[in-house]
Amino acid sequence: MAHVREKHWADEIADQILAQSRGPHEISTGISPSGEIHIGNLREVITADVVYQVLRERGVEVTLDYVADNFDPLRKVYPFLDASIYSNHIGKPLSEIPCPCGRHPSYAAHFLEPFLASLESLRIRVKVYYADQMYKSGMMVPQIVQALKGRDEIARILHDCTGRKVEPEWSPFNPICQSCGKMTETVVRGFSEKAETVDYTCTCGGRGTVSMKGGGKLTWRVDWPARWARIPVTVEPFGKDHATRGGSYDTGVLICREVFKSPPPFPVTYEWISFKGMGDMKKSKGNVLSVHRMLEVLPPEVLRYLVVKTRPMRSIGFDPGLPLLSLVDEFDDAASQSRDPRALQLAGADQFEPLGVPFRHLVNVVQMADFDLDQVVVILRRNNYPVANPAAVKERAGYAIRWLREFAPPEAKFAVQRTLPEATHALDPLQRAFLTRLASSLRPGMSGEEIHALIYDRAKESGMEKTTAAFEAIYRAILGQTKGPRAGWFLAFLERDFVLARLREAGRAAAA
C-alpha cells in the first residue's frame with residue numbers, strides 16, 4: 001500500500017483560512033524593536049511567510065506586512081544598555097530615543113535596520129508599517145476616537161476576560177507629555193473628537209493638549225485590535241503567551257468586534273524557540289541570538305528550514321554549538337535526496353546547492369587548510385569529493401569558518417602544527433613505536449575507514465593495552481593536543497607526504 005504523505009502544516013492552515021474567506025487577505029506580523037530582534041522572533045515572520053506563499057500558490061490575493069512597533073515606550077534599561085544614558089529615556093517612544101551606536105536615526109532603527117536586511121537575505125518580502133508613522137500620519141485617528149469613546153466598554157471587556165478592574169483614571173490612549181517626553185506617566189483628562197486632540201496631565205508636573213496625530217498611542221491591548229481593524233488584518237501569527245485564556249488575543253477579539261466593529265484575524269499560534277541551557281529567548285534576559293548574526297553562520301534556507309519543518313505549536317530547541325552542524329547536514333541530506341519535499345520547497349531549497357560534503361567534515365577541512373578556501377577545494381578533490389562548483393564550496397566553507405569563530409566549542413577547534421609540537425616530548429616508547437609502524441604502513445590512496453582500521457591494528461602490534469594512547473600520539477604529533485577529529489579520516493584528508501614525515505619525525509624526536 002502506497003504511503004500517504006502527511007499534509008504540511010502550512011497547507012492545513014491555508015485550508016482553514018480559505019474555509020472562512022477566499023480573501024483578499026492581509027497577513028500581519030511584527031515586533032517591538034526594544035532590543036536585538038532574535039531568531040525566536042523570526043519564527044513568527046517565517047510562519048507568516050510560508051502561509052503567505054501557500055495562499056499565493058492557490059491564486060489568492062494576499063499581502064504580507066510587518067508592523068515595526070517603534071512607537072512603543074522603552075520599558076526598562078536592558079542589560080545591554082548604558083544605564084547612565086538610558087534610565088532617563090524609560091517611558092519614551094523608541095522612535096524618539098537616541099541610537100545606542102550613534103549611526104542610526106533612532107534607538108528603534110538601530111535594531112530594525114539589520115533585521116529588515118536579514119528578511120531580504122531570507123527572501124521574505126514584506127510591506128513595512130512603522131507604528132510612529134501610522135500614528136503621526138493620522139492613520140490611527142479613527143480608531144483612537146472609537147477607543148476613547150468606547151473606554152467603558154473596553155474596561156468591561158478587560159475585566160470580563162482577565163478578572164482585573166482598570167483604575168478609574170485608566171484610558172486606552174497614552175498621551176506623550178510635552179514636558180518630559182514620556183507616555184507612561186500621563187493621565188487623560190479629556191478629548192475633542194472634532195479637534196482630534198487629547199488633554200492630559202503628567203506626574204512630572206506637565207499638562208497640556210496633544211494631537212491624536214502622533215501625540216500618543218493606544219495601549220497595547222487596544223492598539224493590537226485597532227491595527228487589525230485599520231489595516232485591516234485577516235491572518236496573524238502570534239506567540240502562545242497571547243493565546244492564553246484572557247490573554248491579549250481574547251481581549252483583542254472582543255475589542256475588535258464590539259468597539260472597532262471589525263472582524264478579528266484568523267489566529268496562528270506558535271511555540272517559542274528556546275536557547276539550549278538558557279530557556280526561551282527574551283531580550284530582557286539577554287539570552288538572544290540576533291537573526292543577522294545567525295545568517296553569518298547558517299545559509300538562509302537552513303534557518304528557514306528550522307522553522308518550516310516543525311509544526312507551529314511544537315517548541316524548537318536551538319543550540320548554535322555542535323547540533324547546528326547536524327541541522328545543516330540534515331537539510332543538505334534532505335535536499336539531495338528530496339526528502340520532505342514540501343518543507344524543502346517552502347524553505348527555499350531551490351536556492352540551495354547540496355554539496356555532497358557533510359558540514360561537519362567541512363568544519364574540519366577548513367581548519368586543516370588553515371582557513372585557505374582554495375586549499376579547501378584542493379583537499380576535497382584529493383579525497384575524491386566531487387567539487388563541481390568550487391564557488392559554492394567556498395561559500396559554504398565561509399559559513400564553517402564563521403561558525404568556528406562564533407560558536408564552536410573548544411573541542412571542535414584545532415590547528416595543524418607546521419613544525420613538530422612540544423607535546424610530542426610526552427610520548428612514551430610504545431607510542432613512538434606505534435607512530436613509526438603506522439607511517440610505514442600507510443599506502444597511497446587509503447580511505448579514512450581503512451586508515452582507522454589500520455590504527456587499531458598497529459596499536460595492537462605495538463603492545464598498547466589501550467588504543468586511546470594511539471590516537472593521543474597522532475594528535476600530539478600533528479596538532480600538539482591530546483584530542484582531535486576522527487583520526488583515520490583526519491589523516492586521509494591531510495597531504496600524504498606531510499603525514500608520513502611528521503609521524504616519523506615525532507617518533508625520532510621524542511626518542512632522542
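K261 is exposed, with a relative accessible area of 64%. Here exposed means over 50% relative accessible area, buried under 20%, and partly exposed in between, for a 1.4 Å probe and protein chains only. K261 sits in the loop between helix 9 (248–258) and strand 10. Its phi is near 55°, a positive value in a residue other than glycine. The model is predicted: local features need pLDDT of at least 70, side-chain atom pairs count only at pLDDT 80 or more, and totals for chains, interfaces and linings use all residues. Residues are numbered from 1 along each chain as its sequence is written, and side-chain values use heavy atoms, with hydrogens and water left out.

E196 also has a phi near 55°, positive in a residue other than glycine. This residue is in the loop between strand 5 (186–192) and strand 6 (197–202). E196 is partly exposed, at a relative accessible area of 27%. Helices (H or I, at least four residues) and strands (E, at least two) are DSSP runs, numbered from the N terminus.

Two cis peptide bonds can be described. One joins G23 and P24, with omega about 5°. P24 lies in the loop between helix 1 and strand 1. The other runs from I231 to P232, with omega near -15°. P232 is in the loop between helix 8 (220–230) and strand 9.

The C-alpha atoms of G23 and V60 are separated by 6.6 Å, although the two residues are 37 residues apart along the chain. V60 belongs to the loop between helix 2 and strand 2 (62–68). V60 counts as buried, at 8% relative accessibility. Neighbours within four places in sequence aside, V60 is in contact (heavy atoms within 4.5 Å) with L18, R22, H25 and L55.

L18 belongs to the buried set of helix 1, together with W9, A10, D11, I13, A14 and I17. The cover over these buried residues includes strand 1 (25–31), helix 2 (39–57) and strand 9 (235–239). It also includes strand 10 (266–270), helix 11 (300–308) and helix 13 (341–347). Helix 1 covers residues 9–20, and its 12 residues should span 16 Å at 1.5 Å a residue. The expected span is 1.5 Å times one less than the number of residues. The end C-alpha atoms are 17 Å apart, which agrees.

The disulfide count is zero, a disulfide being a pair of cysteine sulfur atoms within 2.5 Å. C101 is in no disulfide; its nearest cysteine sulfur, that of C99, is 3.4 Å away. C204 is likewise in no disulfide, with the sulfur of C202 nearest at 3.6 Å. C101 is partly exposed at 28% relative accessible area. C204 is partly exposed at 43%.

The second largest pocket holds about 510 Å³ of space. A pocket is an open set of points on a 1 Å grid over the protein atoms alone, where a 1.4 Å probe fits, with protein on both sides within 12 Å along at least five of seven lines; lining residues have an atom within 4 Å of a point. Grid points are joined across faces, edges and corners, and the volume is the space filled by probe spheres set on the points. Of the 21 lining residues, R360, N364, G484, P485 and R486 are closest to the centre. Helix 12 (322–337), helix 14 (359–368) and helix 20 (487–493) each supply at least two. Helix 14 gives the most, with six residues. The lining has 12 nonpolar, four polar and five charged residues. Ala, Val, Leu, Ile, Met, Phe, Trp, Tyr, Cys and Pro count as nonpolar, Asp, Glu, Lys and Arg as charged, and the others, Gly among them, as polar.
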